[in-house]
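Thanks, everyone. Please look at the model on the screen while I talk. I'll go through it region by region.

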Amino acid sequence: MTTVSPTPQPAMRLRELVFGAACAAAVRAAAQLGVADALGERPTTAEELATAVKTEARPLERLLRALSCYGIFAETDDGKYVHTDMSRLLREDSPNSLRYISLWCTEPWTWAAWPKLDDAVRSGRSVFDDLYGKGFFQYLHEDAGDSAEVFNRAMTTSSKQSAQDIAQLLDLTGASSVADIGGGQGHVLAGLLEKHPALEGTLLDLPTVVAHPDPRLADGGPLASRVRIVPGDCREDIPVRADVYIIKNILEWDDESTRRTLHNVVKAARPGARVVIIENLVDDSPSMKFTTAMDLLLLLNVGGAKHTKASLVSRMAEAGLKVGEILVVNPYLHAFECTVPE
């Protein structure tokens, strides 16, 4: 009798990987159809789910079976389907929902860039302009309105989730003011202000971004009296004084932008100010498959790059920051504690 190894042989594993687009497409299809939302707490047949989501039963069963191979839904011994921890994340009402992130990462027009990865590796630059005749964000907002809405929802979801982890991790005892630099809609800042009732905050980002802040920070919001919203570009100037500066996921475009942003922080801050830089890393991380994939996507779309621990520390030291402790925020984010020298 032949014994089958529990670990896929290299050839079989490679075959699975080159069909990776099928898995991503299956996740997208489930999210688009609302399968996770339709599946409740009892085991349910494909026929029942098909009626709920208005599809044909047999193709839906094939979709569910494929997803079950990856732990997204599970098939019972009697051929029904139940939730798993991962399939619940595709529900709209999940507190940690990844539905919009799943949809964003699989938007049809974004797939066209991936076959050009060899060109990006040869040239070291984005392939997006060659594909669409304009930059990524210009195309997103001018030519892909529906995708822009999905993108905004995905970024908001991701920011809210990481904001909770950051607020839990950072000890701001003794600080009276915090500035969120390039902080988007201010989810991280809002979380910190909620945790520390005596703290004053400043949110700085591009005018189009801060025009729609987190409702907690907007006029009439519960935190509005403790926050100042500053439209601006951190690569040009940071007209903000604070005890603590937060810089999250904005040092990933190009080296010159990173240098200018860090220089501007050091220039704006008083000696002894604390600077917390939060980034995904492509080394020394428990989520390397995720962060390295994002790194390649940045290369394709905008010519950017995620950092290694050494490259980020080097940029900070070059800017004149004194680098201290490196904290794990969650499996895919690290926080670098720095100070402006006295």
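Start with Glu56. It sits in the loop between α4 (46–53) and α5 (57–68). A word on naming: helices (H or I, at least four residues) and strands (E, at least two) are DSSP runs, numbered from the N terminus. Glu56 is exposed, at 60% relative accessible area. Here buried means under 20% relative accessible area, exposed over 50%, and partly exposed in between, with a 1.4 Å probe and protein chains only. Glu56 and Ala46 are ten residues apart in sequence, and their C-alpha atoms are 9.1 Å apart in space.

Now the ground rules. This is a predicted model, so local features need pLDDT of at least 70, side-chain atom pairs count only at pLDDT 80 or more, and totals for chains, interfaces and linings use all residues. Residues are numbered from 1 along each chain as its sequence is written, and side-chain values use heavy atoms, with hydrogens and water left out.

Next, the aromatics. Rings of Phe, Tyr and Trp (its six-membered ring) pair if their centres lie within 6.5 Å; planes under 30 degrees apart are stacked, over 60 edge-to-face, and the rest tilted. That rule gives 14 aromatic pairs. One of them is Phe128 with Tyr132, a tilted pair, 4.8 Å centre to centre with 40° between the planes. Both residues lie in helix α9 (residues 128–132), four residues apart, about one turn of the helix. Tyr132 is partly exposed, at 23%.

Phe137 and Phe151 make another pair, this one edge-to-face: 6.0 Å between centres, 70° between planes. Phe137 is in helix α10 (residues 136–143) and Phe151 in helix α11 (residues 145–169), so this pair ties together parts that are 14 residues apart in sequence. Phe137 is partly exposed, at 33% relative accessibility. Phe151 is buried, at 13%.

Which residues form the aromatic cluster? Trp104, Trp109, Phe128, Tyr132, Phe136, Phe137, Tyr139 and Phe151 form one cluster.

Stay on α10. Phe136, Tyr139 and Leu140 are buried there. They cover an arc of only 100° around the axis, so they are on the same side of α10. That arc is taken from the directions from the helix axis to the C-beta atoms. On the other side of α10, His141 and Glu142 are exposed.

The charged end of Arg99 sits over the ring of Tyr100, 5.3 Å from its centre. The rule: NZ of Lys or CZ of Arg within 6 Å of the ring centre and within 35 degrees of the ring normal.

On to Glu194, in helix α12 (residues 187–195). Glu194 is partly exposed, with a relative accessible area of 45%. Glu194 and Pro222 are 28 residues apart in sequence, yet 9.3 Å apart in space, C-alpha to C-alpha.

Last, a pocket. On a 1 Å grid over the protein atoms alone, a pocket is an open set of points where a 1.4 Å probe fits, with protein on both sides within 12 Å along at least five of seven lines; lining residues have an atom within 4 Å of a point. The second largest pocket is lined by ten residues I'll name: Met12, Arg15, Glu16, Phe19, Ala22, Cys23, Ala26, Ala66, Cys69 and Tyr70. Helices α1 (10–18) and α2 (20–33) each supply at least two residues of that lining.
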